[in-house]
Amino acid sequence: MRDHDSATPGSAIAVNAPGAGSAGAVPPAAGARPAATEAVGPAAEAATLVGVAPAGAPPHPAPMTHAPAPRAAARGTLLAALGVASFSLTFPATAWALEGMGAWTVVTLRSVLAAAVAGCCMAVFRVRLPERRHWAGLAVVAAGVVLGFPLLTTLALETSTTSHAAVVVGLLPLTTAAFSAVRTGARPSRTFWAAALAGAVVVIGFAVQQSGGTLSTGDLYLFAALLVCAAGYTEGGRLARHLPGWQVTGWALLLALPITLPGAALALLAEPPHLTAHAVAGLLWLALGSQFLGLVVWYRGMAAIGVSKASQLQLAQPLLTLVWSVLLLGEQLPLAAPIAAVAVLLCITVTQRSAA
């Protein structure tokens, strides 16, 4: 892989987290903490967490040239794990939100609320506008991650169970890796492509088996969601070499506001909500947990322990979603669901090792 095109250093292919928003590697400066920040206080800590240099810090802090201390590594692992856990709750939260709102209302409101939080953070930290050359990539992230994936998965969950969707979307890291290879001109090994194909076969076989021999409308929505989200993740990973990851997500959310804001107003008129505790909690989690705050801890964890180690934690995400579907939604898992999820996990593990 050409290093200057990749979302990760060297020849690694970036594999990113579903649900949420954008993904990719964080530039070294985002993970480095200059000594000057130690004495600035809580504001410096908050600025460091989201990847903005606090007042008084050097404008371009030098990257770390040594391995992180055990305590720093443990903290980074914990933060990355919290990010994965937050993303794993996206589908159960969507199912809760759909109990009291229409699909279009859920999709547009979650984006508007997340954009409001992102805008406030950018105003507080006085984030500058991205360079003109980055706006086309941000538009791809907005179309794929902010609009396309939430809309298609929400429509799918109107007819599919959370556990079913979790297994199908478990293919997202493989899809993203394939998009990344095409986008960057990389040439992964035959082992990588064999494992990717095997994972696709497992997921398609599971979907057909669960749908009674044919792909359902919900499955078609989920497969379309894989494609648009993988494109958004790939572009987000490329942009994350130039901007902190949370800013990539934030600018994409703000860029989508001309669509999501009037869309939310129209959706509320066309789909009058029936607010329940579940519906409100689900919507708030989608906006604050899945689409914004989860990304903050995820990227901070990646900066501390590296993309490769953080990506390994992401492999547990489909299985975590299966657990939440039982505990929070009371779904009965078919035997094929955990078997297919584990099979996909093994395929992703092979692609991770062969692409490294």
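Predicted model: local features only at pLDDT ≥ 70, side-chain atom pairs only at ≥ 80, totals over all residues.
Helices here are DSSP runs of H or I at least four residues long, numbered from the N terminus.

Helix α5 covers residues 103–124. At 1.5 Å a residue, its 22 residues should span 32 Å, and the end C-alpha atoms do sit 32 Å apart, so expectation and model agree. After α5 comes Arg126, with a positive phi near 55 degrees. That's a positive value in a residue other than glycine. Arg126 belongs to the loop that links α5 to α6, the latter running over 135–157.

Helix α7 takes in residues 162–169 and helix α9 residues 190–210; their axes come within 9 Å and cross at roughly 155 degrees. Angles over 145 degrees count as roughly antiparallel, and α7 and α9 are therefore roughly antiparallel to each other. The crossing of α7 past α9 is left-handed.

On the α7 side, the contact is made by His164, Val167 and Val168, which meet Val203, Phe206, Ala207 and Gln210 of α9. Sorted by type, the residues of this contact come out as five nonpolar and two polar, with no charged ones. The spacing of such residues has a simple background: an α-helix has 3.6 residues a turn, so residues three or four places apart point the same way.

How values were computed
Residues numbered from 1 in each chain as written. Heavy atoms only, no water. Axes fitted to C-alpha atoms, helices over the stretch in contact; angles between N-to-C directions. Helix = DSSP H or I, 4+ residues; strand = E, 2+ residues; numbered from the N terminus. Parallel < 35°, antiparallel > 145°, perpendicular 65-115°, else oblique. Left-handed = near helix turned anticlockwise from the far one by under 90°. Contact = heavy atoms within 4.5 Å. Nonpolar A, V, L, I, M, F, W, Y, C, P; charged D, E, K, R; others polar. Expected span 1.5 Å × (residues − 1).
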